[in-house]
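Welcome! Take a moment to look over the sequence and the model, and then we can walk through a few parts of the fold together.

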Amino acid sequence: MELFPKSQREITGNFGYPLTGPSISEPSRYKDPLVSGFEMSNPRQRKGEAMMNPTISWRFASSTSLLSIPRTPKSAFIFAMTFSSSSSSSSSSSSVENPNKDDSSSSLELVLKYHNQTKHSLNGYARGPRGLDWANQPNPFRRYLSAPLLPLQHPNHDIDDDSDSPLYSTLFDSLPPPKPISLPTISHLFYHSLALSAWKTTGSSTWPLRVNPSSGNLHPTEAYLIAPPIPSLSQSAFVSHYAPKEHSLEVRAHIPSSFFPNFFPENSFLIGISSIFWREAWKYGERAFRYCNHDVGHAIAALSIAAADLGWDLKLLDAFGADDLKRLMGLPEFQLPEGKGKAELPEIEFEHPDCLLLVFPNGTSREHLNLDYLAISSALRDFPSLEWTGNPNTLSKEHLCWDIIYRTAKAVEKPPLIYSTSSSSIDVASFTSSRALFSHSSYNKLTVRQVVRTRRSAVDMDAVTCIDMSSFYQMLMHCLPSTGESQKEQLALPFRALPWDTAEVHLALFVHRVSGLPKGLYLLVRNEDHLSDLKTATRPEFEWTKPDGCPDNLPLYKLAEGDCQRLAKGLSCHQVQSRIEL
């Protein structure tokens with residue numbers, strides 16, 4: 001395997017479009033001022049601004065360009081990265097005209113086409129709306145009209161008096177004893193993972209914040225609780241949709257009482273995750289599918305932490321196909337509309353089935369987690385005939401159809417699996433003490449509830465304030481998938497929720513204001529089996545040295561010293577400040 005092959009370097013910035021100035025004054029009830037009143041444009045068209053910052057050195061050699069990082073205070077340059085120039089505006093525009101030109105292309109080819117077509121390049125941005133259509137901004141809250149509403153409990157204590165909540169740092173050392181499934185614990189789970197955390201108002205604009213982060217605060221992710229009978233909540237097993245604004249469950253259907261006893265361990269339940277692509281496509285156009293998958297990861301992590309607070313473990317059930325998830329959550333089939341351009345297309349607001357999570361008491365033995373997938377899938381075939389209640393509300397009056405999103409989503413839908421055996425055991429490693437606790441003082445004795453309920457997006461970086469080195473290292477320790485010396489199996493929170501064996505994503509970091517660390521480019525290698533390939537695939541000038549004070553079990557490497565702020569701005573679509581999630 002070769003990572004970042006020299007023959008094909010690319011930029012896949014994840015920060016959307018530049019914000020150029022006020023263009024729309026019409027207020028909207030749920031308008032987020034972070035995106036309100038701005039028009040998206042190509043930086044080449046902005047008066048008085050060149051395509052790239054002039055201090056970044058450009059040289060083209062065959063199909064690659066070399067970006068340089070200026071050393072400070074010297075004027076000498078070091079080569080930082082090599083990127084492909086193959087995704088130029090001319091080549092990408094030709095592919096945009098007819099994204100499904102070859103109907104015989106395989107699903108993999110379509111996915112690769114989507115990946116290449118929706119990348120931002122140094123010559124232009126991926127295709128998206130030319131401005132934000134505030135009149136058709138999607139309602140951020142899905143509701144199933146006429147479905148019975150089951151209110152969940154709100155904590156009745158002040159967030160500053162949180163003595164009943166464990167310290168956040170302790171979750172990475174050991175989990176508390178598991179609590180029973182009840183109205184209070186189910187309420188606690190959703191309140192600390194997917195609920196609203198605050199409302200903000202500026203002038204005539206009001207918008208909600210949520211516990212789980214989301215791209216552009218657009219929240220395409222929906223959640224479903226599939227559970228056995230729960231005292232004071234439901235006397236029968238049921239499927240429900242979580243309504244975050246009301247912090248309530250909308251009962252969609254009652255399911256056979258034998259479903260959980262026959263197939264799942266005692267004291268367990270399921271959470272289904274789906275995405276509404278339109279909520280992201282309204283702002284980001286064709287890149288929406290990327291951001292929706294990104295937000296599914298946020299939801300899984302948020303649920304993992306909230307479950308751990310209750311002594312529960314959480315595991316993604318990777319064996320079910322898309323049809324199984326649709327039947328379980330009561331999601332209809334999607335038919336791609338034939339029309340183009342702006343029109344009333346309510347089918348665009350469908351929900352794509354993403355994943356199914358099993359929540360169970362920590363310490364449950366492997367023999368109790370032996371699932372008969374074929375039998376479960378067979379039982380789910382009867383779910384469409386259940387009495388489903390509630391019709392989904394309309395989110396927008398008019399829509400734009402970015403058809404490559406829906407064709408790609410269809411191409412990646414997981415088919416039903418054929419098993420060599422009728423059952424399979426969930427691989428659940430015992431929860432062990434984490435080595436991720438490096439700087440205890442960084443946590444300031446904050447409780448789990450204080451951390452998850454007060455999380456906010458940092459949007460106003462002052463370009464002055466520094467972070468201390470120990471806190472920086474502590475943040476990176478929590479980005480590692482494992483708790484041991486070698487980063488291989490994903491055993492640490494929240495990554496232990498995933499069934500896959502290894503991490504495939506590494507972090508390139510532009511460091512500028514970390515006390516004690518030189519400015520420059522760093523790389524966090526999240527799977528050290530890739531270290532040799534990464535060294536081979538990147539520039540030979542890179543140092544690959546461990547920075548001072550770096551913990552032995554933190555695979556962080558300094559690649560090059562220098563001021564990278566202008567380079568980072570260029571890679572972030574020329575935004576002066578890029579939004580980051582804390």
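**A walk through the fold**

Strand β11 (residues 269-275) and β14 run antiparallel and are joined by seven bridges. Helices (H or I, at least four residues) and strands (E, at least two) are DSSP runs, numbered from the N terminus, and two strands pair if DSSP finds at least two bridges between them. This is a predicted model, in which local features need pLDDT of at least 70 and side-chain atom pairs count only at pLDDT 80 or more, while totals for chains, interfaces and linings use all residues. Residues are numbered from 1 along each chain as its sequence is written, and side-chain values use heavy atoms, with hydrogens and water left out.

Let us stay with this pair of strands. Ile 271 has Leu 357 in β14 as its bridge partner. Both strands belong to an open sheet of seven strands, in the order β5-β10-β9-β8-β11-β14-β12, with antiparallel pairing. At the edges are β5 (149-151) and β12 (312-316), each pairing on one side only. On average, neighbouring strands of this sheet are turned by 30° against each other, direction ignored; axes are lines fitted to C-alpha atoms, for helices over the stretch in contact, and angles run from 0 to 180 degrees between N-to-C directions. Helix α3 (residues 183-191) packs on the sheet, touching β5, β8 (221-227), β9 (238-243), β10 (248-254), β11 and β12. Contact here means heavy atoms within 4.5 Å. The direction of α3 makes about 30° with that of β11.

Is Leu 357 buried or exposed? Leu 357 is buried, because its relative accessible area is 0%; buried means under 20% relative accessible area, exposed over 50%, and partly exposed in between (1.4 Å probe, protein chains only). This residue lies in strand β14 (residues 352-361). Not counting residues up to four places away in sequence, Leu 357 touches Phe 269, Leu 270, Ile 271, Ile 273, Ile 300, Leu 303, Leu 314, Lys 315 and Leu 316. Leu 357 and Leu 225 are 132 residues apart along the chain, with their C-alpha atoms separated by 9.8 Å.

Leu 325 counts as buried because its relative accessibility is 6%. Not counting residues up to four places away in sequence, Leu 325 touches Phe 320, Pro 353, Asp 354, Cys 355 and Leu 356.

Now turn to a pair of helices. Helix α5 (residues 277-284) and helix α6 (residues 288-309) pack with their axes 8 Å apart, at an angle of about 130°. α5 and α6 are therefore oblique to each other: angles under 35 degrees count as roughly parallel, over 145 as roughly antiparallel, 65 to 115 as roughly perpendicular and the rest as oblique. On the α5 side, Phe 277, Glu 280, Ala 281 and Tyr 284 make the contact, and α6 brings Ala 288, Phe 289, Tyr 291, Cys 292 and Asp 295.

Finally, visit a hairpin. Strand β6 (residues 196-202) pairs with strand β7 (residues 205-210) in the antiparallel sense over six bridges. Trp 199 stands opposite Pro 208 in β7. Two residues lie between the strands of this hairpin, where Gly 203 takes a positive phi near 60°.
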